Amino acid sequence: MRRWAALVIIVAAATAALVLVQRRKVEAPVGPQGVLNAIAESERDATRVPARMTRISDDDEIRAGNEIAKHEQSSESRKDPELPAIEAHLQQVAGRMAPYTTRKLPYRIHYIADPWFVNAFALPGGHVFIGAGLIAVMETEDELASVLGHEMEHIDHYHCAERLQTEATLRKIPIAGALASIPVAIFQAGYTKDQEMEADRDGTYLAYRVGYSPTGALRMFEAFEKFEGSARQRKASSPGEEAGEVVSDLLTGYFRSHPFSAERAEATRRLISDKNWPPRPERDLQIDCTTAHKTINRYIAGSPAPTKNKDAGEPPCRMRPESKAAVSVK
Amino acid sequence: MIILVLGVGFFLAYQLTNLGPAGKVSVGLLVAAVMLGGGIRLERNERYRIPARALIGGGWALLYFVAFAMYYVPAAKVLQSQAVDLLLMMAVATAMVWHTLRYDSQVVTGLAFLLGFTTITIHHSAVLSLAAGAILAAGLIAVVLWKRWYELEVLGILAAYLNHLYWLMPIVSQLTPANRHFPEFPMSTTLLALYWAGFRASYLVRKIDEEAQENVSTVAALLNGGLFLAILKYQAAHPEWAFWALLVLGAVELALGQLPNAKRRRMPFIVLTIIGASLMVAAIPFRYSGNSVAVLWLVEGEALFLAGIWAREIVFRRLGMLVTLLVTLQLLIQTPDAYATYNWRLGVSLLVSAATFYFDHLWFGRRKRELFTHELDAGALRVISFFGALALLEAVAVMASDTWMAVGWMTVALLLATFARAVDSDDISLQAIGLAVVGVMRAVYINLETEAAWHGMSLRLLTVGCVAILSYAIAVILRPKRLGDEIAISPAFSWAGSVLVALLCWYELRPVLVATGWAVLGLLLLETGLWFRSRHLRWQSYVALVAAFLRAITSNLDAAGAAGAISPRLYSILPMALILYYAYRRLETSERVSGDEIAGQIAGLFTWMASLLIGLLCWYELRPIAVAVAWAIFGLILFEAGISLKSWHLRFQSYIALAAAFVRMYFVNINAAGAGGEISPRVYTIVPLALIFFYVYVRTAGNEMLQRHGEGAAGMVGAYMGTATLASLAFFELPRIWVAAGWSGMCVLLLAVGWRSARRIFVHQGVALSLPVVWRGISYNLLQTPNLAAGVDQRWATAGSAVLGLCAALGAGFLARRKQEEAPNGAALLFDYRPEQALFFSMVTLLTVMLAFVMRSGMITVSWGLEGVAVFLFALLAGERSFRLCGLGLLLLCVGKILIVDFWSLGLRDKWITLIILGAALMLVSFLYSRYREAIRQYL
């Protein structure tokens, strides 16, 4: 009798769950993302202990970061006449957030005057690079703050330092040695889902902490979604197709493990909800990237890749004339 | 020589002015005399015998012609009386023949006759010249009969008729189709009749010495009749007389064949009877037409056959059968033009024919068996029945419509099969099979394609359905004998019937219901097969069910239907799956297939097919997140059914379904985070899965049958899957920093369950899960940089919760250990007897590392020292030496740390606090060691 009662209860519970998801039309992405994220997180956990045991000092990290950054700063984009003004503005935004980071490092923000550089990345020791292409996607300073906060948190959480350590170990370069030979691409490639989520969470917090709206981060993720494409929710036409897609995603996803923007946006919404952060008005971006924006729009529209120097001669971004240097913060 | 004779002939006909008729005749006579004299003289010499005989022959021929010319050739006419000339010619002919006979050479005499005929041929000046030919022919007949030179008669027949034809040709060529009368017609006909009569008389009266002579005579007899009829036909001035002419001539030939001499020689009897019968048969179309001809022929053939039976005469019987068969053949060849024309007269004719054939076949074949002992006769009697079947087939074809023809054929086939069964005739059975094959083929190629309707009903359904039913009926009736325990039925027709029904389903049903239709067919066949104990019907059901499955897999799964409505996929596949399960159950439980291993294996296969269909149906019909739940429910139902029905097939399918649900969960349900503020779909879809996995374990562990079948391992896997499911859910659902605490809570639960239920597997799992708790607690919670958004250091709460959880688990571990010690059961695995050991060290490790990370650097040693004392006290309480050593080890660690690190790096305040507290701790431990020395020794 007890057995039958248990059976009935279990079947009833399972049936109720089944009916509920059917009636509520609950959607769930089909794919190995969850598994891959768990694997990536486990790998990260596995490396965290040795990384902690062998962690370099802040001074060594700053010295190594300076060396790598110096190499990156020698690029062509440094000749943009608008660069000093824009970098000063970026430094100002980041400077407001720097006091609230865990690690007290000299955070320095670098502008890459390339409309095709739709990215931002951080180097060990406090260097953050942001491309004109990414700024062109933004509409408000809150979005800019969320991006800079995110990159600063990669540094704050030792993500960059640990990657530097890993690379130096793999290349058998002493930390005090020729670190400039480590390509910047290593730091541009993104981090594990767990690390990205960590940087998102605390980067958003930093921006909010100094008065920016957390919706800036959400708007950035929505913009990134456009680059990632759609149709991830489409149901496969057969179990065989679904299995093929899952296997394919499993193989490719293992090497990516970078979270999708929708997932990051959802986590940020949950953070806002959990913390009861009130909505705030967003501020206009002080940088005008009309030229770069045109280029980016062409890219989003899927036009053939134009030459990199198509708009050469005209800076992709410039400071707005009416911009005020100071922004009142709490 | 021939040329010489011809030259003289021309000379006599030539209108020479210097030489009168007498002169010409004299010259002719002189030349003939010289030739004859020279020939006779030279013939004595052996050396010149051949040319001499040629001279003799030529001389006589010339003499004969001179006699002929003396009256008939104007240029040589010396006689005024035709009668005198005739006598003269007969005298010459007689002398000629008489003389050549002296040499007893058929060649010489033949040559003489040839010359005579040739001479006449080239001088047809009047119809009376034919009389010379007639006389010549009469002479030849006389010689033939006298000398028995029957080969010579062949020559004579040819010469006489062709000579006559040669004469006729210029006359007939002048005639028009409208007017074919010519004055010489009576004379010509009379002369031809005389030729025929003379040669026929010769044929009948002759004496035969050897077989070769009879053979030549037969040729002559056939030639005589054939040429006579051919030339009569050629000169036919009255076609309307043909019927009577042929009928009379046939009757005469038939009558002549019955003369005693003819019967005595046998061959004339055969030849003349055949000729007579043939002529009588041939006569009929000249007066009658259409079906009447066939009927009259058949009557004639049957009359001959019956006469043969009556008179016990094989020729009549054979002729009768031959006529019958040929007529039927002719009918059969012509009838296809009349297919589907509702030609009732023809149909009735064919039916009468068929009835006659079957009557002859059965009645005489059985009652007069002694008359059909010869292989040919017996074979013919059998063949005649096959012609009967063909006649039936054609009869139906001309009486039925295009659509119903197949049904008609099948009906006739059924009647024949029934008849064959009644009279026990293999031949008729075979004919029934043939008709049925034709019927089935027609149904396949014609009826299945028809789109017509009859009173609103599909004609295809009606006719093909009828054909299928009749096919089954034929299958049953064809072989009624019982073979052992099984009623043997003709498998081919039951297969044909089933194929027809299957095809009918394909044509008549909507595409999505075809597979269901086939499944229903398979079910009906299965039940029928079991009822009749028919292996073939069962196999048909297997094929139908497998085909239904394949069709469903390839066609139905995409049939989604309109949104909001029940999908065609659902209502087409679900019944099919139920039918497959039912088929499995029927085959498993039916006593009528007991011992049939293949049936058992196929039954098992049906369950796999059905389960696969249900599994796929779940995938297609449900939302992705619901599929794993559905599979798990389905697996649970299969599991219970497998136990109740004692079916390992169902149980293994359940294991696969549960494993599939488990795997799928990681690729779908785990990703379903849901919206904030509500229980996520991940939780309420995964928890039931875990419950189902645990249920399967509990059920397996408590079931003796499953344990006996070695399926206990599957249950254990189920238990591990359940725990893994919950652990995974905790990992994905809880905030990252609370995962370790969550897992530690699970440890407590698992160990508590293991203790309460005395199920060691949960103890294993609890202990095993403590290791990830420690790992996660250290690597994630403690080594992670602080969460800025949290605002406070959460490590105390998160890692501390994990430690507390492990503490609770440790308590449960002790209880579980005690229970195990009280009631040891079965083989023990790792941690079975000492689960608390791993739990304790896990807890201490995590706590120690946690203190190292969360305590201010100055207070780390103090906290470790307090921890060491606490552990030591706990060890004394628990009576565990390993714990006590662990506590001492922690204290030693503290001492070492003080000496190596703290003494040199700590601030003054931290230094004295550390030294005081640690010193007190060491003293306390020392006191306790002294106080409880004896007790401790006991433990040691």
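Hello everyone. Please keep in mind that this is a predicted model.

Let's start in chain A, with strand S3, residues 127–131. Is this strand buried or exposed? Five of its five residues are buried, so S3(A) is largely enclosed by the rest of the structure. As a general point, side chains in a regular strand alternate between the two faces of the sheet. Here, His127(A), Phe129(A) and Gly131(A) point one way, while Val128(A) and Ile130(A) point the other way.

What does S3(A) pair with? One partner is strand S1 of chain A, residues 108–112, in the parallel sense over five bridges. Within that pairing, Ile112(A) has Gly131(A) as its bridge partner. Another is strand S2 of chain A, residues 120–123, which pairs with S3(A) in the antiparallel sense over four bridges. S2(A) and S3(A) form a hairpin with three residues between the strands, and Gly125(A) takes a positive phi near 85 degrees in it.

Now to the charged side chains. Those of opposite charge can pair when their charged atoms come close. How many salt bridges does the structure hold over all chains? There are 36, and I'll show you a few.

Take Arg3(A) and Glu640(B), whose side chains meet at 3.4 Å, N to O, in a salt bridge. Arg3(A) sits in helix H1 of chain A and Glu640(B) in helix H25 of chain B, so this pair joins two chains. Arg3(A) is partly exposed at 29% relative accessible area, whereas Glu640(B) is buried at 7%.

Next, Arg776(B) and Glu41(A) form a salt bridge at 2.7 Å, N to O. Helix H31 of chain B holds Arg776(B) and helix H2 of chain A holds Glu41(A), so this pair also joins two chains. Arg776(B) is buried, at 2% relative accessibility, and Glu41(A) is buried at 2% too.

Inside chain A, Asp60(A) and Arg63(A) form a salt bridge, with their closest N and O atoms 2.5 Å apart. They are three residues apart in helix H3, which means about one helical turn separates them.

Finally, look at the surface of chain B. Leu605(B), Trp608(B), Trp648(B), Phe652(B) and Ile656(B) make a nonpolar patch there, with about 480 Å² of accessible area together. Which helix gives the largest share? That is H26(B), with three residues. Phe652(B) lies in this helix and is partly exposed, at 36% relative accessibility.

Technical notes: Residues are numbered from 1 along each chain as its sequence is written. Chains are lettered from A and ligands numbered from 1 in the order in which they are written. This is a predicted model: local features need pLDDT of at least 70, side-chain atom pairs count only at pLDDT 80 or more; totals for chains, interfaces and linings use all residues. Side-chain values use heavy atoms; hydrogens and water are left out. Patches are made of residues with over 30% relative accessible area and no salt bridge: like charges are joined within 9 Å, nonpolar side chains (Val, Leu, Ile, Met, Phe, Trp, Tyr) within 5 Å. Accessible areas come from the Shrake-Rupley method with a 1.4 Å probe; for residues, only the protein chains shown count as cover. A salt bridge is a side-chain nitrogen of Lys or Arg within 4 Å of a carboxyl oxygen of Asp or Glu. Buried means under 20% relative accessible area, exposed over 50%, partly exposed in between (1.4 Å probe, protein chains only). Two strands pair if DSSP finds at least two bridges between them.
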